[in-house]
Amino acid sequence: TNSRQNRTGLELEIRMNRREFIVAGGAAAGLPGVVHTQSLAPRVEVYKSPTCGCCSAWIEHMERAGFVVDARNVDQDALYAFKAQSGITPNLASCHTALVDGYVIEGHVPAADVERLLAERPEAIGLSVPGMPIGSPGMEMGNQRDAFETLLLLKDSSTEIFERHA
């Protein structure tokens, strides 16, 4: 009986593996009706105040650019603590802080700058657009636009200009 149970268990395991193989193969081929469980798009975790409209507008900007966004509403004290823990000093701060693929993204950073950061993978903490410049993603106000810079946050706490936006 013991060898029969082992054989039956092995047959069940083979059937399960065959089923998993068929489902995985169908998902890889993009067959209709097969659920895709993992997206290739970069996942962005955004920490923000629940009442901030410009944060929500930035999230929409990132989603339109193809990012998958997880928004987490936190109280102001928790947000400030998260910024400090992530290396964001008050002079670099904005209204929301995000994490993407090991980098910190502070404020209204354009999606194209985040894409470039992920493509180039510099030795850095991440990117910041300090403050809330009018015309930056999420801060659109008609035709009004402030020139602003996206800063590269280096690990020694210094910054470099990563991109200028007119």
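**Entry 1: helix 3**

I looked up the start of helix 3 and found a side-chain oxygen of Asp-75 within 3.1 Å of the backbone nitrogen of Asp-77. I counted a polar contact as a pair of N or O atoms within 3.5 Å; within protein, one must be able to donate a hydrogen and the other to accept it, and residues adjacent in sequence count only if both atoms are side-chain atoms. The model is predicted, so I noted that local features need pLDDT of at least 70 and side-chain atom pairs pLDDT 80 or more, while totals for chains, interfaces and linings use all residues. Residues are numbered from 1 along each chain as its sequence is written, and side-chain values use heavy atoms, with hydrogens and water left out.

Helices (H or I, at least four residues) and strands (E, at least two) were taken as DSSP runs, numbered from the N terminus. I read burial from relative accessible area: buried is under 20%, exposed over 50%, and partly exposed in between (1.4 Å probe, protein chains only).

Which residues of helix 3 are buried? In this helix, residues 76-85, I found Leu-79, Phe-82 and Lys-83 buried. They lie on the same side of helix 3 because they cover an arc of only 100° around the axis, the arc being that of the directions from the helix axis to the C-beta atoms. An α-helix has 3.6 residues a turn, so residues three or four places apart point the same way. On the other side of helix 3, I found Asp-77, Tyr-80, Ala-84 and Gln-85 exposed. The buried residues pack against strand 1 (43-48), strand 3 (97-100) and strand 4 (103-107), where contact means heavy atoms within 4.5 Å. Just after helix 3, I recorded a positive phi of about 90° at Gly-87.

**Entry 2: strand pairing**

Strand 1 and strand 3 run antiparallel and are joined by four bridges; Glu-45 has Leu-99 as its bridge partner in strand 3. Strand 3 and strand 4 are also antiparallel, with four bridges, and Ala-98 is partnered by Ile-105 in strand 4. Their hairpin has two residues between the strands, and Asp-101 there takes a positive phi near 50°.

Strand 4 runs parallel to strand 5, again over four bridges, with Ser-128 in strand 5 as the bridge partner of Glu-106. The chain passes from strand 4 through helix 4 (residues 111-120) to strand 5 in a β-α-β crossover that is left-handed. For the sense, I used the rule that a crossover is right-handed if, with the strands pointing away from the viewer, the path from the first strand over the helix to the second runs clockwise. Strand 5 pairs with strand 6 (residues 148-153) in the antiparallel sense over three bridges.

**Entry 3: His-165**

Is His-165 buried or exposed? I found His-165, in strand 7 (residues 159-165), to be buried at a relative accessible area of 18%. Its side chain makes a polar contact of 2.8 Å with that of Asp-113.

**Entry 4: nonpolar core**

I defined a nonpolar core as a set of buried Ala, Val, Leu, Ile, Met, Phe, Trp, Tyr and Cys residues joined through side-chain atoms within 4.5 Å. The largest has 23 residues, and those with the most contacts inside it include Val-44, Trp-58 and Phe-67. Helix 4 gives the largest share of this core, four residues. Beyond its neighbours within four places in sequence, Phe-67 contacts residues including Val-44, Met-62 and Val-114.

Note on methods
Pairing = 2+ DSSP bridges.
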